[in-house]
Amino acid sequence: MKKKLNLILFSGEYDKAIAALILANSAKEIDIDVTIFFAFWGLMLVRDPEKMSLEDKTLFEKMFCVMTPKGPEDLPLSRMNFAGMGKEMLKVMMTDDDAPTLPAFLKGARNKGVKFYGCKLSMEVMGFKKEEFIPELEIVDAKDYLQDALTSDVQLFI
Amino acid sequence: MKKKLNLILFSGEYDKAIAALILANSAKEIDIDVTIFFAFWGLMLVRDPEKMSLEDKTLFEKMFCVMTPKGPEDLPLSRMNFAGMGKEMLKVMMTDDDAPTLPAFLKGARNKGVKFYGCKLSMEVMGFKKEEFIPELEIVDAKDYLQDALTSDVQLFI
Amino acid sequence: MKKKLNLILFSGEYDKAIAALILANSAKEIDIDVTIFFAFWGLMLVRDPEKMSLEDKTLFEKMFCVMTPKGPEDLPLSRMNFAGMGKEMLKVMMTDDDAPTLPAFLKGARNKGVKFYGCKLSMEVMGFKKEEFIPELEIVDAKDYLQDALTSDVQLFI
């Protein structure tokens with residue numbers, strides 16, 4: 001039977017999102033099934049920057065929608081100003097080493113058939129609609145996540 | 001045999017504590033056993049705000065006791081000032097959506113019979129006593145945690 | 001068959017590194033095998049402070065090498081200025097309780113035979129060479145990590 005990797009991406013940070021996607025892509029390359037459950041800040045990674053909508057939102061939801069990261073390129077580092085190093089410096093270092101950057105890793109995961117789950121409650125609280133995310137994102141709740149995690153061989157909270 | 005979820009809550013952050021408790025409550029609702037091992041900053045979530053004691057503490061332990069969060073309402077967000085959004089804004093958004101807030105999730109977990117473990121070493125280092133926590137909290141060490149984790153189906157570090 | 005604990009240490013923070021090493025040491029004490037995969041910021045914990053090298057590095061790699069933590073003593077707290085408490089205060093509290101500090105926990109893990117894996121891609125992006133780390137560190141890629149995780153009983157992302 002195929003092995004399965006299950007990730008919750010809770011963090012909305014550039015470096016942690018890269019870590020999650022490298023694990024997901026590497027797993028698919030050695031024939032392991034992968035589910036990523038995007039919850040809370042993690043949802044920022046799978047927003048479609050072209051599809052922001054302010055309709056039917058409360059004032060706070062509108063503010064939230066406008067002020068938070070609008071997709072992979074927009075995520076901050078987990079240790080901002082750590083050692084004075086910014087995200088741009090990291091991106092240059094990655095490019096110098098021919099390592100793909102975050103959008104490329106995300107594209108890879110979409111092409112390789114990683115399963116994308118979005119947390120229903122987080123989306124409701126933040127006021128996001130399904131149409132504001134990449135089309136692969138399936139909306140599920142915490143119980144669906146748990147059922148998937150229970151049938152997985154490795155589960156990580158990132 | 002009943003399935004089992006095992007969480008370490010290391011972080012003392014409002015949003016991560018909510019994530020942990022939503023997972024715990026959802027698991028209990030589908031008949032999965034749950035243990036949460038509160039370590040380090042995570043212990044702040046299960047302090048009893050009414051039972052702070054300064055007796056028999058060193059100067060640093062007293063300072064620590066007074067200056068750290070005194071229960072669920074006091075926890076900070078994991079990304080403070082992220083997008084200018086504060087904890088109060090998040091709480092309003094949650095209330096607008098009829099989502100319970102952190103103290104309600106904690107109460108739910110206590111009522112549903114989630115097992116609460118507190119890390120012995122963290123408590124000793126921070127100078128906390130058993131009486132300063134909610135009564136359900138059982139004091140165990142890292143080895144007890146590992147034995148529980150080994151018999152669980154899903155383990156997460158939050 | 002021996003049980004196995006598998007940790008990814010992604011964070012380069014003093015308190016999270018302590019948590020990882022306490023789990024690792026406690027596991028070895030009850031005869032559980034342990035692997036720690038040091039990725040990204042986590043690699044800072046296993047740098048050898050005496051063996052920093054600037055040869056064959058790009059300008060950014062040199063800056064990175066000089067400005068980031070040079071070993072266990074140098075790691076920051078995960079919640080800097082949390083409650084005004086600094087790392088030094090925590091270290092005094094740990095010493096007051098006869099709890100070992102981070103370098104002692106790291107030494108313990110090395111003596112007890114914890115397996116140390118370093119993430120190949122992180123090292124390449126950051127410009128680090130094998131010689132700049134403690135000698136036990138074996139360089140592996142994300143697929144090797146996944147194979148190890150799949151054969152483990154507990155997996156955590158820290």
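**Exercise 1. Determine how many residue pairs are in polar contact between chain C and chain B, and which elements of chain C face chain B.**

Solution. Between chain C and chain B, three residue pairs are in polar contact, with both residues at pLDDT 80 or more; a polar contact is a pair of N or O atoms within 3.5 Å, where within protein one must be able to donate a hydrogen and the other to accept it, and where residues adjacent in sequence count only if both atoms are side-chain atoms. The elements that give two or more residues to the side of chain C that touches chain B are α1 (14–29), α3 (87–96) and β5 (154–157) of chain C, helices (H or I, at least four residues) and strands (E, at least two) being DSSP runs numbered from the N terminus. The largest share of this side, eight residues, comes from α1(C). By class, the side of chain C that touches chain B has 21 nonpolar, four polar and eight charged residues, where Ala, Val, Leu, Ile, Met, Phe, Trp, Tyr, Cys and Pro count as nonpolar, Asp, Glu, Lys and Arg as charged, and the others, Gly among them, as polar.

The model is predicted, so that local features need pLDDT of at least 70 and side-chain atom pairs count only at pLDDT 80 or more, while totals for chains, interfaces and linings use all residues. Residues are numbered from 1 along each chain as its sequence is written, chains are lettered from A and ligands numbered from 1 in the order in which they are written, and side-chain values use heavy atoms, with hydrogens and water left out.

**Exercise 2. Describe the interface of chain A and chain B by its contacts, its buried area and its salt bridge.**

Solution. Start with the contacts (heavy atoms within 4.5 Å): 31 residues of chain A are in contact with 33 residues of chain B. Next, take the buried area, which is the accessible area (1.4 Å probe) that two parts lose on being put together, summed over both; here it is about 2,800 Å², with 77% on carbon and sulfur atoms. Of the area that chain A buries against chain B, 23% is supplied by A:Trp41, A:Leu150 and A:Phe157, more than by any other three residues. Finally, the rule finds one salt bridge across this interface, defined as a side-chain nitrogen of Lys or Arg within 4 Å of a carboxyl oxygen of Asp or Glu; A:Lys143 and B:Glu29 form it, at 2.8 Å from N to O. On the side of chain A that touches chain B, α6(A) gives the largest share, with seven residues.

**Exercise 3. Decide whether A:Thr35 is buried or exposed, and identify its side-chain polar partner.**

Solution. A:Thr35 lies in strand β2 (residues 33–38) of chain A. Its relative accessibility is 3%, and A:Thr35 therefore counts as buried (under 20% relative accessible area, with a 1.4 Å probe and protein chains only). The side chain of A:Thr35 makes a polar contact with the side chain of A:Asp148, at 3.1 Å.

Conventions:
Buried < 20%, exposed > 50% of the residue type's maximum accessible area, 1.4 Å probe, protein only.
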